[in-house]
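Dear colleague,

Please find the structure below, handed over for your use. My notes on it follow directly after.

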Amino acid sequence: MFDNLSDKLDKAFHILKGHGKITDVNVADTLKEVRRALLDADVNFKIAKDFTTRVRDKAIGENVLTTLQPGQLMVKIVKDELTELMGGDAAGINLSGTPTVILMSGLQGSGKTTFSGKLANYLKTKKNKKPLLVACDIYRPAAINQLHVVGGQIGVEVYSEEGNRNPVEIAQNAIKHAKANGFNVVIVDTAGRLAVDEEMMNEIANVHKAIEPQETLFVVDAMTGQDAVNTAKAFNDRLDFDGVILTKLDGDTRGGAAITIKSVVNKPIKFVGTGEKMEAIDVFYPARMAERILGMGDVVSLVERAQEQYDEEEARKLQKKIAKNEFGFDDFLSQIQQVKKMGNMKDLVGMIPGAGKALKDVEIEDDAFKHIEAIIHSMTPAERSKPAVLDAKRKTRIAKGSGTSIQQVNQLLKQFDQMSKMMKMMQGGAGKNLMRMMGG
Ligand code: GDP
């Protein structure tokens, strides 16, 4: 995420390395580079200029008081200013109202339908809500189908009316349906167009007026940079929305939209989308985002993601299996699945402080577990639970079936063996001794 920008800012701060203190001259050189980095990330000129002016004033003002080195001081000031620019504190979602009505707006292809599903899933699993998804795109039957598919994936009901050409009516009927059937959140997905046009604006403004949503969210593709900001402005002028959803932050996004949108429309970014899967949704925290932009990692989010995937029941079952020496490849596979749910590998590595920079040139496969999974899938259930039966003939069959080589199969078996031994040790004698030593 934002690799290029992080890189360039890092180089800008390097100018101060070796300097004992911040002076008008070295600060000017650094800030020129910071400004260039921001412009390259598609931040608009005025915002970039105001930003560096504020940073300069702070840097010169704080210079005398601090014990930090100039480089560190500059990183801290830039981090604070970036946080402020992106909205300061995280903005929550308003869940008042019975039901809470959430209206989704945005251009076609922005990720509106995908995000509607992600939000429904988030509210269902994290906030204990019973959401209803509503398909209000009367122009594209495919869009209605898509929402039904998404709803099916996450187990959330989708309301649609075949043949009804009036989105206001559909939305109103959906809210009635929600009230009558105990849904406490209604998420209305509306029609988007390829570009801002009057008809679409009128239509969504009418829906907005009729259903008076607690939250009107504007969805925008972060990859579109300054266009994203301009579109946000056009929608905000008409809808006065409550918050922005920035999607596709997992791609090669330059960062401009994330950094500038708040200051242009004066509405906070509430969530970001970081992938195509239903779990790829994050609450937007400006301070954490600033840290990531500056290559400082984001351990808090990483730990949170791990905690979200942690299932106590599963962990207990697993522990029993290890104790009984029954840990097999099926368990291994489910462990991999859990890690994968945390997000794509590159994204996760980027959250480890320093790792993003250190591994910048290392190609991290999006699907790093692909071969391992293929190998395990080519095993029979019996082989998975008792890998000891794997002889040369079976290994050849597995390698063929999974499109890998015998070496790769052997390597996985070796890794698995080492892991099993280690787990047994932690469980058994050594672990117990260690616990005793620690007074457990
Ligand atoms: P809509 O026309 O606004 O409803 O957009 P869709 O929800 O159909 O999304 C358009 C495309 O973007 C689809 O292929 C989605 O899978 C993809 N997409 C949506 N959100 C994300 C995201 O956060 N990251 C990535 N990489 N792709 C996304």
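I begin with a pair of packed helices. Phe329, Phe332, Leu333 and Ile336 of α14 are in contact with Ile372, Glu373 and Ile376 of α17, where contact requires C-beta atoms, placed from the backbone, to lie within 7 Å. Helices here are DSSP runs of H or I with at least four residues, strands are runs of E with at least two, and both are numbered from the N terminus. By class, this contact has six nonpolar residues, no polar ones and one charged. Nonpolar covers Ala, Val, Leu, Ile, Met, Phe, Trp, Tyr, Cys and Pro; charged covers Asp, Glu, Lys and Arg; the others, Gly among them, count as polar.

The model is predicted, so local features need pLDDT of at least 70 and side-chain atom pairs count only at pLDDT 80 or more, while totals for chains, interfaces and linings use all residues. Residues are numbered from 1 along each chain as its sequence is written.

Helix α14 (residues 329–341) and helix α17 (residues 370–377) pack at about 150 degrees, with their axes 10 Å apart. Axes are lines fitted to C-alpha atoms, for helices over the stretch in contact, and angles run from 0 to 180 degrees between N-to-C directions. The two helices are therefore roughly antiparallel (over 145 degrees; under 35 is roughly parallel, 65 to 115 roughly perpendicular, and the rest oblique). The crossing of α14 and α17 is left-handed, meaning that the near helix is turned anticlockwise from the far one by less than a right angle; clockwise would be right-handed.

A second pair is formed by helix α9 (residues 226–239) and helix α10 (residues 256–265), whose axes come within 9 Å and cross at roughly 25 degrees. This makes α9 roughly parallel to α10. Their crossing is right-handed. Among the residues that meet are Val229 and Ala232 in α9 and Ile261 and Val264 in α10. The contact of α9 with α10 divides into seven nonpolar, four polar and one charged residues.

Threonine 98 and proline 99 are joined by a cis peptide bond, with omega about -5 degrees, and proline 99 is in the loop between α4 (70–85) and β1 (100–106). Asparagine 128, in the loop between α5 and β2 (131–135), has a positive phi near 55 degrees although it is not glycine. Asparagine 128 is exposed, with 8 other C-beta atoms within 10 Å (exposed means 12 or fewer such atoms, buried 20 or more, and partly exposed in between, with C-beta atoms placed from the backbone). Glutamate 212, in the loop between α8 (198–211) and β5 (215–221), likewise has a positive phi, near 40 degrees. Glutamate 212 is exposed, with 11 other C-beta atoms within 10 Å.

For the protein chain overall, there are 21 helices and eight strands. Of its 440 residues, 39% count as buried.

Kind regards

Terms used:
Contact = placed C-beta atoms within 7 Å.
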